[in-house]
Amino acid sequence: MKRKMLALVLAMAMTATGLAGCGGGSSSAEMDKTGSSGTGSQGSEASEPEASVSGSEEAAGSDTADGGEVEIQFLHGQPEEERVQAIQEIIDAFEAENPGIKVTQMPIPEDGFWTKISAMIGTGELPAVVENGVDMLRLLNAEEALDLEAATEVIETVGKDRYYGGVLDMMKAPGKDQYLGVPISGWVSGIWYRKSMFEENNLEPPTTWENILKAAETLNDPDSKTYGIMIATEESDFTEQSFSSFTGSVGYDLFDDSGAPRFNTPEMKEVLEFYNSLYQYTLPGSNGVEQVKDGFVGGHAGMALYSTYIMGALVEQDMADDIGFAVPEKTEQGGFGMTSTMGISNMISEEERAAAIKFVSYLGNVEANIKWCHMAPGGSNPVLKDVADDPSYLDNEVLKAFGDTAALIPDAFENLQMLGVKDGEVHPAMGNISSKFLIPHCINAILVQGEDVDSAMTKCQEALEEEVSALE
């Protein structure tokens, strides 16, 4: 891939994957405030102006500052003032422990992130540390812009055994025993449910397909404007990612070992028919982020399939203590989520490289990691098991409101599933497949438009084959 094509590739891939939160990172699927412009969180608010923020006074422009200090730039997608301040506090603590290293923030608004990245790649000036989602890092790796050895060194320094297994599986570099970047936090998607409604109706928690469907049918009362479950049905990445919770729960692979799509299969038909069964107990029509979130938070549904970014809204409505969380399971857990990940650039000096390794490693210490997660409590969850178990992590007003539920949510990181990803490697056609909403289009056609399942699956299979053939 030529570097001059990177801007186009990024635009397509980011629209495609939405960088995802239960429905997309920087897209309509983003559910609430994003934990990171590219981490695929669900829901974003207005972006703030781009700025460079230094622990001292000026923005970084070279690899050394006055007095012989090594200065590195940290590009991230957290432009909100309170987050910039929280990150600066982390940086200040790091600099106090590491005299001679200065870290300068480069907060980039979501709507300008990809343009900025592509320009930097084109000039060979990618900052030392870049925070984003794994989809973006895969693209940067394709451009040979990442230092995989450095990222792997950091993960080994932090401790592989501290991470949830599914998190590191997603970070694997294609064809190498190395990692694309260093996960710092993440969000997960699952089924949120009203515990009181389940208790009143003697329902089991919605963990299995059987329990989910039974609860949806039992709690559904459309005449009273109450639905059994709120699920995504519109043509968007939100729908693709929500649907992934169920494909993941049967261990489904979208591509075979040769890379050919296998959409028109009995396994996929089973998942589509189950999703269609759930649609009978949701708000009719093409539902997106707002409909799913507002329906559940507004008290009009017993369940909702959404990301952890819904937690703040539930606290605001004083509903948290009545909320449970479950990950769909049939043959295995179908956890879907995204991580905020630190990539280390290979366009920097040896001095900057050493400083970047120290800084990213520092973000893996318990105190710094908790501070990072608390920038978006609930939405941004620990990917390190000991951080999730630390009482200081749970000592937060949003998390405390959920009681024991908050402590259990990070466990979903143990078995993350993503369509188009097999053995840690993403299929090269997946960006275009997602950007064109081919699978959500099929889902919407069946559920909302009433198209025959077999007919819709055949059309989708053909469309997927076209995308794969276009790469040959």
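Me: What does buried mean for a residue in this predicted model?
Reply: The model is predicted. Each residue has a relative accessible area. A residue counts as buried when that area is under 20%.

Me: How many aromatic pairs does a search of the whole structure find, and which kind do Trp192 and Phe325 form?
Reply: The search finds 15 aromatic pairs. Trp192 and Phe325 form one of them, at 4.6 Å centre to centre.

Me: How many residues apart in sequence are the parts that the pair of Trp192 and Phe325 ties together?
Reply: Trp192 lies in strand 5 (residues 182-194). Phe325 lies in strand 7 (residues 323-326). The pair therefore ties together parts whose separation in sequence is 133 residues.

Me: Which kind of aromatic pair do Phe243 and Tyr275 form?
Reply: Phe243 lies in helix 9 and Tyr275 in helix 10. Both residues are buried. Their ring centres are 5.3 Å apart, with 85° between the planes. An angle over 60 degrees makes the pair edge-to-face.

Me: Why is helix 4 largely enclosed by the rest of the structure?
Reply: Helix 4 covers residues 134-142. Its buried residues include Val134, Met136 and Leu140. Helix 4 is largely enclosed because the number of its nine residues that are buried is eight.

How values were computed:
Residues numbered from 1 in each chain as written. Predicted model: local features only at pLDDT ≥ 70, side-chain atom pairs only at ≥ 80, totals over all residues. Heavy atoms only, no water. Buried < 20%, exposed > 50% of the residue type's maximum accessible area, 1.4 Å probe, protein only. Helix = DSSP H or I, 4+ residues; strand = E, 2+ residues; numbered from the N terminus. Phe/Tyr/Trp six-rings, centres within 6.5 Å; stacked < 30°, edge-to-face > 60°.
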